[in-house]
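Subject: Structure handover, metal sites

Hello,

The structure you asked about is below. Please look through it before reading the notes that come after.

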Amino acid sequence: MSLDVIIKVHPDSDKPTQAWQKIQVHQKVEKVTPMDPSTPILANHIRFVCLSDTHSKIEKGQIKIPDGDVLLHAGDFTNVGLPSEVKNYNEYLGTLPHRLKITIAGNHDLSFDDYLVKTNRQHLSCFGWTESLVEEKLAEYGITGVKELMTNCVYLQDSGVSVCGINIWGSPWQPVFCDWGFNLERGQQLLDKWNLIPESTDILITHGPPIGHGDKCFDEQHAGCVELLSTIQQRVLPKYHLFGHVHEGYGMTTDGKTTFINASTCTVKYRPTNPPVVFDFPVPEGF
Ligand code: 5GP
Ligand code: MN
Ligand code: MN
Ligand code: MN
């Protein structure tokens, strides 16, 4: 793919807290008040309802999901990606009224990471998986991979979908942290994935945050990806960027061009108490 704008890796990319200290001098980060989900949908708009990091905790109806047209989930819908967890999540989605549901994976949704399942299955044992569990469960459900269990949603993985002319792109990758799924090195490895994001993207969904927005951890460290922010600001300019992963970064901010939404449902203690975030997106002319 040829890119109109080539993003350069930041020299401090692998030291994100340090990088942000330098970058923030030229950055605007303003808090945005989320809209009240009981507000009627604006005319000629599509209502999006955003979730992330539900970690198998919403399936018993623990949180109220507001009505809307399209439900978006930014990953970590399970704890360790067990086929039973995936099945429960998909069945729960089937009970929700939204016309379309879109989901990406996060680092906890281990069974969606082909590298772990096909090449490094041994590694899954660190997370309580047994070697045979993959085959047994898949055989029990009559499938060859967990993606086949996602029958009630569109699953995105470095891929996109268009809804009434609104372009949505999803990607699960985040910087290496404790050796989970979809981990890549900061810098060029992650930038190679961000280079796949089309410039026409209106709503970007990634599991991890960009640097500086919803990415501050409880220990005051910034965990976001520098090259993701560069890609958003210098090349793609989406209207919305939805993510989670840093649970304590829940909330909404803007740089004046893109609205950043950390929709982590679970708190840092994995309690599902943060409400889903809602926004209305105008339907483009001609749709
Ligand atoms: P999860 O395990 O659900 O992916 O992430 C849970 C928590 O781990 C986050 O809320 C955050 O506190 C911490 N965490 C995740 N990724 C990073 C990271 O890259 N750096 C730091 N310092 N903490 C992280
Ligand atoms: Mn999580
Ligand atoms: Mn664009
Ligand atoms: Mn995560």
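The notes below cover the metal sites.

This is a predicted model, in which local features need pLDDT of at least 70, side-chain atom pairs count only at pLDDT 80 or more, and totals for chains, interfaces and linings use all residues. Residues are numbered from 1 along each chain as its sequence is written, chains are lettered from A and ligands numbered from 1 in the order in which they are written, and side-chain values use heavy atoms, with hydrogens and water left out.

Asp76 (OD), Asn107 (OD1), His207 (NE2) and His245 (ND1) coordinate the manganese ion (ligand 4) at 2.1 to 2.3 Å. Donors here are N, O and S atoms within 2.8 Å of the metal (3.2 Å for Na, K and Ca); water is not among the atoms, so sites may look incomplete. The spacing of these donor residues in sequence is D-x30-N-x99-H-x37-H. Asp76 also bridges to the manganese ion (ligand 2), which lies 3.5 Å from ligand 4.

Asn107 sits in the loop between β4 (100-103) and α3 (114-119), and His245 in the loop between β11 (240-243) and β12 (251-254), so the pair ties together parts 138 residues apart in sequence. Helices (H or I, at least four residues) and strands (E, at least two) are DSSP runs, numbered from the N terminus. Asn107 is buried at 3% relative accessibility, and His245 is buried at 18%. Buried means under 20% relative accessible area, exposed over 50%, and partly exposed in between (1.4 Å probe, protein chains only).

The manganese ion (ligand 3) is coordinated by Glu199 (O) and Val236 (O), at 2.1 to 2.3 Å. Glu199 is partly exposed at 32%, whereas Val236 is buried at 4%.

Regards
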